[in-house]
Amino acid sequence: MSRYRLHRTLVMVGMMGAGKTAVGGALARMIGVPFIDSDAEIEAAANMKVAELFETYGESFFRDKEALVLERLLSGPPCVLSTGGGAFLREENRALIAARGLAVWLKADRELLWARVRHKDSRPLLQVDNPRQKLYALLEAREPAYAEAGLVVTAEPDLSVQAMAEKVLRALLAHPSDCLRKVA
Ligand code: S3P
């Protein structure tokens with residue numbers, strides 16, 4: 001089995017349904033580092049689900065908590081960190097991630113994203129009359145920010161979580177930042 005050394009936190013960014021949590025978890029197992037999910041950290045700190053936080057305190061309160069959690073997690077040892085789909089939109093968050101980690105955008109097209117989120121009701125931003133249209137609009141508005149990620153890996157509908165994690169791993173090993181190295 002190969003062993004790896006990770007020098008910077010790998011921050012999974014991209015839309016809801018892109019596979020940040022599933023692929024990030026598989027990637028962390030493959031390279032032998034902890035996996036942390038920022039939404040789960042926010043939920044644990046607030047003792048509330050993301051949807052409840054949105055409903056009770058509003059989106060901007062959630063975004064402030066998200067920024068604080070990112071700051072804390074990016075001060076810790078290198079890990080794979082999966083973020084919520086909106087986290088990479090704040091310029092301060094992007095700057096922090098670029099300074100302390102490497103952003104990995106899991107880029108998926110809108111049909112794939114919709115197929116993955118349509119049966120779930122855990123995303124407050126999609127609790128609207130036309131969630132499909134909302135998802136497409138969010139994607140269009142957010143793509144320029146996601147494109148600032150240090151590494152872009154395209155998701156494909158036929159790739160399993162494991163195969164996608166392997167694709168990310170190959171891209172990381174070839175990345176000029178040298179943040180992930182294979183050790184003998
Ligand atoms: C959000 C995505 C969600 C969660 C919140 C807001 C977004 O995370 O943070 O509902 O703005 O896209 P996932 O991307 O893990 O679904």
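I started with Gly85: one of its backbone N or O atoms lies 2.9 Å from an oxygen atom of the ligand, a polar contact by my cut-off (a pair of N or O atoms within 3.5 Å). At Gly86 I found a polar backbone atom 3.4 Å from a ligand oxygen. For Arg142 I noted a side-chain N or O atom 2.7 Å from an oxygen of the ligand. The protein buries 93% of the 380 Å² that the ligand exposes when taken alone (Shrake-Rupley, 1.4 Å probe).

Caveats: this is a predicted model, where local features need pLDDT of at least 70 and side-chain atom pairs pLDDT 80 or more, while totals for chains, interfaces and linings use all residues. Residues are numbered from 1 along each chain as its sequence is written, and side-chain values use heavy atoms, without hydrogens or water.

Next, the shell. I got 13 residues around the ligand, with Lys20, Arg63, Gly85, Arg123 and Arg142 the closest (a heavy atom within 4 Å). The shell divides into five nonpolar, three polar and five charged residues, with Gly counted as polar.

Of its 39 lining residues, Met16, Gly17, Lys20, Thr21 and Arg123 are the closest to its centre. Helix α1 gives the most to the lining, four residues. By type, I have 17 nonpolar, 10 polar and 12 charged residues in the lining.

Note on methods
Polar contact = N/O pair within 3.5 Å; in protein donor to acceptor, adjacent residues only side chain to side chain. 1 Å grid on protein atoms, 1.4 Å probe; cavity = no way out; pocket = protein on both sides within 12 Å on 5 of 7 lines; lining within 4 Å. Helix = DSSP H or I, 4+ residues; strand = E, 2+ residues; numbered from the N terminus.
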